[in-house]
Amino acid sequence: MHDDKRIYIDIMLSFHCKKECPYCYLGHLRNNEQKVSPREIDARLAELWEHGYHAGNIEIYGGDMALLPKEYINEVIQICRKYTDFVTAIGNPWKIYDPQHYKNVVSINKERKDYFNNITELCENSHLDVITVALPDEMDEDPVYFLDRYQGSTGSLFIIPYFQSVYNTECHHTLTNKEYCEFLIRIIDAYIDREYTFNLANIGILEDARNGQYNPFADGSIYIGPDGRLGRPKYTEDLKEYFEWYDSVAEWEEDTLKERREAIETCGTCEYYGKCIADHMRPFAKDDVCCGYKPLVKWWEENRERFSVKGQRQV
């Protein structure tokens, strides 16, 4: 564990969603209407606190947040604020609950057409932060065209790769690490060379990793699921994502400690160990680059001065 045991907490209030986005990792879990109670959330956060963990940021999301009562959302927010001042809600851009007391983020993707086709209208008055999932069929898209759609309407953009899950295997293939590296290099390169008004959050993460402030391992974050259990993402041997759930902090700690030991054995001699942007110890194919996105990290080290010279904002 890091000495201060700082941790990022994701609270999945519910899996329930009536939309049928083909890329959604939840798949059949979207039919489950169970939601975690505020009392369960408080108990889990207190348990983590008692074990010495301090919340760096708490993110709350679904499922579809729009299906949850406003009073319920606000009660959860107030509980979270007992443990940190940094609370982020990821969800529906036209159902903002309490913008004075937490940060709003919207997840948008071109397959989510009700959001994507109206992104400027949805975000222009609030400049919401946006998370978008990079899909396989976007890998050959012109990076300027990709970035221009967010110009003038968003405060920041964070691009994450698509991973196929065990809950939804009907649509895309998982992005390879090499594809994601090459895509982000083209995106960041175009971003640096143009005057965009939004922040590209991926740059902030690369800088954090460079400075040893990014924890790429599972002991840096934890999930609270709709049934109140603690969890983390894990991956099958054929590279599909799933959730592993735990009944106690001690069980989660035991599993994450095992991952740490495996990481030392696998990556301990790498020049970027402790300074990469891996998403846990995710397995990858033999002909792929590592899950720490080494080509991207190396490219950023060689090109970051271009960003500094332009005086762009850090995220």
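Trainee: At what angle do helix α1 and α2 pack, and how far apart are their axes?
Mentor: First, keep in mind that this is a predicted model. Helix α1 (residues 38-50) and α2 pack at about 15 degrees, and their axes are 10 Å apart. Angles under 35 degrees count as roughly parallel, so α1 and α2 are roughly parallel to each other.
Trainee: Which residues make the contact?
Mentor: From α1, P38, I41, D42 and L45. From α2, Y72, E75, V76, I79 and C80.
Trainee: Why would residues a few places apart point the same way?
Mentor: An α-helix has 3.6 residues a turn, so residues three or four places apart point the same way.
Trainee: Is the crossing of α1 and α2 left-handed or right-handed?
Mentor: Right-handed.
Trainee: Now the strands. What unit do β2, α2 and β3 make?
Mentor: A right-handed β-α-β unit. Strand β2 covers residues 54-61 and runs parallel to β3, with 3 bridges joining them.
Trainee: Which residue stands opposite V87?
Mentor: I58 does. V87 belongs to β3.
Trainee: Are the residues of β3 buried or exposed?
Mentor: Buried, on both faces. V87 and A89 lie on one side, T88 and I90 on the other.
Trainee: New topic: helix α7. How many of its residues are buried?
Mentor: 7 of the 10, so α7 (residues 201-210) is largely enclosed by the rest of the structure. Among the buried ones are I203, L206 and E207.
Trainee: What follows α7?
Mentor: G212, with a positive phi near 70 degrees.

Notes:
Residues are numbered from 1 along each chain as its sequence is written. This is a predicted model: local features need pLDDT of at least 70, side-chain atom pairs count only at pLDDT 80 or more; totals for chains, interfaces and linings use all residues. Side-chain values use heavy atoms; hydrogens and water are left out. Buried means under 20% relative accessible area, exposed over 50%, partly exposed in between (1.4 Å probe, protein chains only). Helices (H or I, at least four residues) and strands (E, at least two) are DSSP runs, numbered from the N terminus. Two strands pair if DSSP finds at least two bridges between them. A crossover is right-handed if, with the strands pointing away from the viewer, the path from the first strand over the helix to the second runs clockwise. Axes are lines fitted to C-alpha atoms, for helices over the stretch in contact, and angles run from 0 to 180 degrees between N-to-C directions. Angles under 35 degrees count as roughly parallel, over 145 as roughly antiparallel, 65 to 115 as roughly perpendicular and the rest as oblique. A crossing is left-handed if the near helix is turned anticlockwise from the far one by less than a right angle, and right-handed if clockwise. Contact means heavy atoms within 4.5 Å.
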